[in-house]
Amino acid sequence: MTNNNLNNCIVKDDIRAIIQDPLIEWEILKNKRIFITGATGVIGSFIAYCFYEANKLLDLKLDLILLLRDKNKAFCIFDDEFLNCKNIEIIENDILLNIYYDGKIDYIIHAASATSSQFFVDNPETTFKISAIGTKKILELARVKRISSIVYLSSMEVYGDIEKPILLSEEDLGTMDKNNPRSSYAIGKRTAEQICIQYASKYGIPVKIIRLAQIISSSASYNDTRVYAYFARCIVENKDIELSTLAQTTRSYCYITDAVIGILLLLLRGNDGEVYNLANEKNAIKICDMAEYLCNKYKNSKVLYKIKNSPKYPKNIHWNLDSRKIQKLGWQASISLDESLVKVINSFKARIK
């Protein structure tokens with residue numbers, strides 16, 4: 001199996017689709033310097049590769065500065081041509097430490113975040129700090145560098161415990177169980193959003209906040225622990241899908257191409273100091289229903305319920321995001337849930353041949 005998850009035809013087609021999308025005004029980014037945090041994460045790495053390919057295809061002459069915690073992980077994700085590109089600079093630095101950069105920065109995409117539910121439970125203090133303190137350090141960098149724009153990647157989990165299936169606008173925040181260590185992620189994200197808004201108001205930092213649905217990506221690691229990746233791996237290996245809860249939680253989903261187009265749109269045209277939901281509203285589904293859907297489509301797998309009690313599993317909640325605000329900027333989701341899952345399954349199959 002190849003370690004480079006971005007180096008298969010499905011992922012490359014997805015990147016090409018983003019570059020060709022008419023909504024992105026690439027000329028604005030010509031000769032600019034773009035700073036990306038969390039550059040080895042699923043979204044951060046995908047965005048980095050999009051800029052890299054756009055640079056080659058459109059002759060943008062832009063420079064990428066990639067902030068990441070573990071440089072060794074970059075060698076597993078990016079190919080040698082990418083890593084040796086003269087327009088790409090890699091900085092190995094923990095986001096909780098002071099961040100220094102001597103050169104000019106025009107744009108920042110802040111994608112660094114803890115991502116594993118088990119990590120949230122085992123390391124609640126660090127999870128909170130990565131979002132809250134890490135974001136403050138990036139905003140300080142943005143202030144010093146007088147950047148043109150920054151996008152902070154937040155999460156639908158900031159909505160908290162929404163127990164009724166309603167369409168959530170950007171104002172519909174619910175309560176959170178502060179005694180559950182898993183809430184460290186949601187509370188940290190909500191705190192980071194508030195810090196962004198304060199920096200926009202006090203210092204005029206041109207920050208936009210995007211609350212992302214669960215992003216389904218063809219570039220996800222084969223061993224990714226996210227629900228959709230686990231389901232896809234079971235289908236590829238003809239194994240049963242084991243659910244540790246009744247899986248009644250409803251989540252919004254969005255495919256990586258639609259998500260990246262939305263992120264870049266906000267970077268270039270979003271309103272400073274504002275929050276935007278991003279989700280394919282047609283793709284909201286219960287976790288159990290997604291599992292059943294896949295097993296009905298791929299007959300070699302079935303759903304098994306093996307109930308466990310663990311704080312890493314959130315209680316039954318409903319995160320169904322209303323994306324009308326970002327749609328007013330021209331964004332529309334185009335990839336269905338079925339197409340999203342098929343792309344991941346086929347991408348996984350290509351990697352184990």
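Twelve helices and 14 strands make up the secondary structure of this protein, where helices (H or I, at least four residues) and strands (E, at least two) are DSSP runs numbered from the N terminus. Before I go on, this is a predicted model, so local features need pLDDT of at least 70 and side-chain atom pairs count only at pLDDT 80 or more, while totals for chains, interfaces and linings use all residues. Residues are numbered from 1 along each chain as its sequence is written, and side-chain values use heavy atoms, with hydrogens and water left out.

Now, the overall shape. The C-alpha trace spans about 55 × 45 × 40 Å along its principal axes.

How much of the protein is buried? Of the 353 residues, 56% are, where buried means under 20% relative accessible area, exposed over 50% and partly exposed in between, with a 1.4 Å probe and protein chains only. As for contacts, meaning heavy atoms within 4.5 Å, residues 24 or more positions apart account for 84% of those with a separation of 6 or more.

Let's zoom in on one helix pair. Helix H8, residues 227-236, and helix H10, residues 287-297, have axes that come within 11 Å and cross at roughly 20°. Those axes are lines fitted to C-alpha atoms over the stretch in contact, and angles run from 0 to 180 degrees between N-to-C directions. H8 and H10 are therefore roughly parallel to each other; angles under 35 degrees count as roughly parallel, over 145 as roughly antiparallel, 65 to 115 as roughly perpendicular and the rest as oblique.

Which residues make the contact? From H8 we have Val227, Tyr228, Phe231 and Ile235, and from H10 Ile287, Met290, Ala291 and Leu294. By class, that is eight nonpolar residues, with no polar and no charged ones. Here Ala, Val, Leu, Ile, Met, Phe, Trp, Tyr, Cys and Pro count as nonpolar, Asp, Glu, Lys and Arg as charged, and the others, Gly among them, as polar.

Finally, some backbone angles. Asn238 is partly exposed, at 46% relative accessible area. Arg146 also has a positive phi, near 55°, and lies in the loop between helix H6 (124-145) and strand E5 (149-155). Arg146 is exposed, with a relative accessible area of 74%.
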